[in-house]
Amino acid sequence: MDIKEYIELVFSDYTLRTITLGTAILGAVTGMLGSFAVLRKQSLLGDAISHAALPGIAIAFLITGSKDSNTLLIGALVSGLIGTFWIRGIVTKTHLKSDTALGLILSLFFGFGMLLLTFIQKQPNANQAGLDKYLFGQAATLLESDVWLMAIITGICLLVLLFFWKEFKLFLFDADYAKTLGFNTTFIDVLITSFIVLAIVLGLQTVGVVLMSAMLLAPAAAARQWTNSLTNMVVLAAIFGAFSGVFGTAISASQNNLSTGPVIVIVASVFVIFSFIFSPSRGLLFRQIRFIANRRDLELQKTLAFMYHIAETHENISHPHTIKILNNFQGYTRKTLKKLVDKNYVTLDGTMWSLTEKGFETAANLYNQQAIKDE
Amino acid sequence: MNSAQIEIQLIASLVAIACAIPGTFLVLRKMAMISDAISHSILPGLVVGFFITQDLNSPLLILLAALTGVITVILVERIQKTGLVKEDTAIGLVFPALFSIGVILIAKNANDVHLDVDAVLLGELAFAPFDRLIISGVDVGPKSLWVIGIILSVTITLLIAFFKELKISTFDAGLAASLGFSPALIHYGLMTVASITTVGSFDAVGAILVVALMIAPAACAYLLTTDLKKMLGLAIIFGVFSAISGYWLAHWLDASIAGSITTMLGLLFLFIYLFAPNKGLIAVIYREKQQRIEVSLLTFLLHLKNHSEERERHVNHLQEHINWQKVRAKTVLELALKNNMILIDNKIVSLTQKGDEFTSKAIDYIITNEDAQIEDMKDDFFLFRG
């Protein structure tokens, strides 16, 4: 199946269209809210919440007996929120650290959820199958109504974000200052956290509890590498998330036996790796290049300084010296020498070098100021 | 109880002990979430190991999967060192990616791999007694019992041999390094043990329960004691208790054993979280309330000392002047009266000799803010708590 054919299919085939749209919207909303989780250093909260949502799904099913995804998601939301606030209770009221609290809630809620799921499976009720799709997610079970729900919630998220943008931003970077300005920080905190829980719960059906945290983190972590502005980061994260969804769906649809959730996570991880390496300002590649350039620069200056100290002892600063005096310990390489010649600091004559007037002056000012660096 | 039931409880208890030991140190070192990361990311190692060995209990497979766990830790540290993201984000990025690779590997080779992702996450303890180790025709017990038994004895040996080093490096990494213990060696040693334990236990109880068994007993013990040896002992007791009670819960509900054990751990933690003396929620809230009253009392006494005019010392005026609600004002007033700090004469409050001395001391402390001053006063303060 080539790309053109696939794109046509996305528009014509109901299932594929629904899934593609669903995962794209999901990616966008998780990316958007994930930015806040990452910046608040609550990255693993997503993991804990998604696991903590499982008993809610099971209890909602036990109470209502229906498999309607909206009912189950409300259960997931409630139990996710309970988990989140319990984590907070543990961290603020006891000596336990946040990592222990996260791990506790994550594993205990998940284990309880599994107990309920296996308990439900043993019940004489034909309706019970299919709950385990929430473990790993099944994008194929998305219905148009689910996508509508996602779209509506994303819209609400967007509105709230725009409405409270200033407050969110302030709270994110300087919570104490926000408090002194008279903003209700508890309210803002609860609002952000609730929306993060909401986004996670939305994704459970598609990606599943186990991998949901990556949907939250990966786009945001990738976006963080490209910008230092919150607005740009949120927008970029939404775009990365949406593309992870679309590409992930496309790849899993074009192959047999590939579930969508893990593929979306892998695509998102590829975005992250790409951003880590190729981002111009923070990326590893350019950082290494800058590092090497700086080192060369330093070596060049070292050579120049060495030459300067030799030239200093002579009356005529342009008195020629043999290249042999320059050794590797002074940062000398043929390349640096050539560069010095290019910059007109040094003239070469056979195996002899001599400092020019300009070179001498530059070297004399080397330690006084940094300004000459750019010359 | 038949022999299979005894064997299941024995395996569960051994797993609980084997998890509690590294778990205690993970909790103390604030690395609890690493165990979650390891438990997920061993999946690709398991699948690859399974391709090679075709046996879930083979030692080679366990080593390969444990290696993946250590690789996870190294990857997380590498990513963190680049400074591009924080540590928790690094953890959150690495393990879902590795887990996804594992899931995809299983899905793509579903015909060759008799591995179920559900089984990896949840384990199936109920089937453990049926996979028996037979040496030269003699049945010597379930394979997983041997696997976890060997891992546990190695863990205990290492614990006893390196207890001192572990203890120092956990509580004071700087001192440990200056005494010549390699922090890196202890760190990776602990990570290796945690990985091997995770891999050895997942077959019986699943990856998520391993996390629960590592963190929850240690967290419970942490709320009850400040002594490392006691904490280890308590964690082991809690682990074994929930393993056995969880088994019977599962038996009764006819549900997943791993899920029931986790649920028992959850109930245990909830109980200790609420009722632990000193560190439990109720104790903390009670103490905070006490401290609030103590501070109020101090404020009240200072107010009395500062004002000699009767208008300021009238019982009814106090509410308005220090902005207290009626109930709180009454509590503070009664407390002060009970401790002979004040006298109420015709609705006018005045300090007694004792109250006056106490207040002077308190002012001294507030002005100098030296700890030595408060030491004497603590006895006076604790009068109120008694």
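**The contact between chains A and B**

Between chain A and chain B, nine residue pairs are in polar contact, both partners being at pLDDT 80 or more. The model is a predicted one. On the side of chain A that touches chain B, two or more residues come from each of helix 3 (45-52), helix 5 (69-93), helix 6 (98-121), helix 7 (133-136), helix 12 (212-224), helix 14 (260-278) and helix 15 of chain A. Helix 6 of chain A gives the most to this side, with 15 residues. Sorted by class, the side of chain A that touches chain B holds 30 nonpolar, 18 polar and nine charged residues.

The extent of the contact can be described next. Chain A contributes 57 residues and chain B contributes 58 residues. The area buried between the two chains is about 4900 Å², and carbon and sulfur atoms give 74% of this area. Leu44(A), Lys93(A) and Leu115(A) together supply 12% of the area that chain A buries against chain B, more than any other three residues.

Lys93(A) also takes part in a salt bridge, its partner being Glu288(B), with the closest N and O atoms 3.0 Å apart. The count of salt bridges between chain A and chain B is one.

Leaving aside residues up to four places away in sequence, Arg290(A) touches Pro280(A) and Ser281(A). Asn257(A) is 33 residues from Arg290(A) in sequence, and their C-alpha atoms are 44 Å apart in space.

Note on methods. Residues numbered from 1 in each chain as written. Chains lettered and ligands numbered in written order. Predicted model: local features only at pLDDT ≥ 70, side-chain atom pairs only at ≥ 80, totals over all residues. Heavy atoms only, no water. Contact = heavy atoms within 4.5 Å. Buried area = accessible area lost by both parts, 1.4 Å probe. Salt bridge = Lys/Arg side-chain N within 4 Å of Asp/Glu carboxyl O. Polar contact = N/O pair within 3.5 Å; in protein donor to acceptor, adjacent residues only side chain to side chain. Helix = DSSP H or I, 4+ residues; strand = E, 2+ residues; numbered from the N terminus. Nonpolar A, V, L, I, M, F, W, Y, C, P; charged D, E, K, R; others polar.
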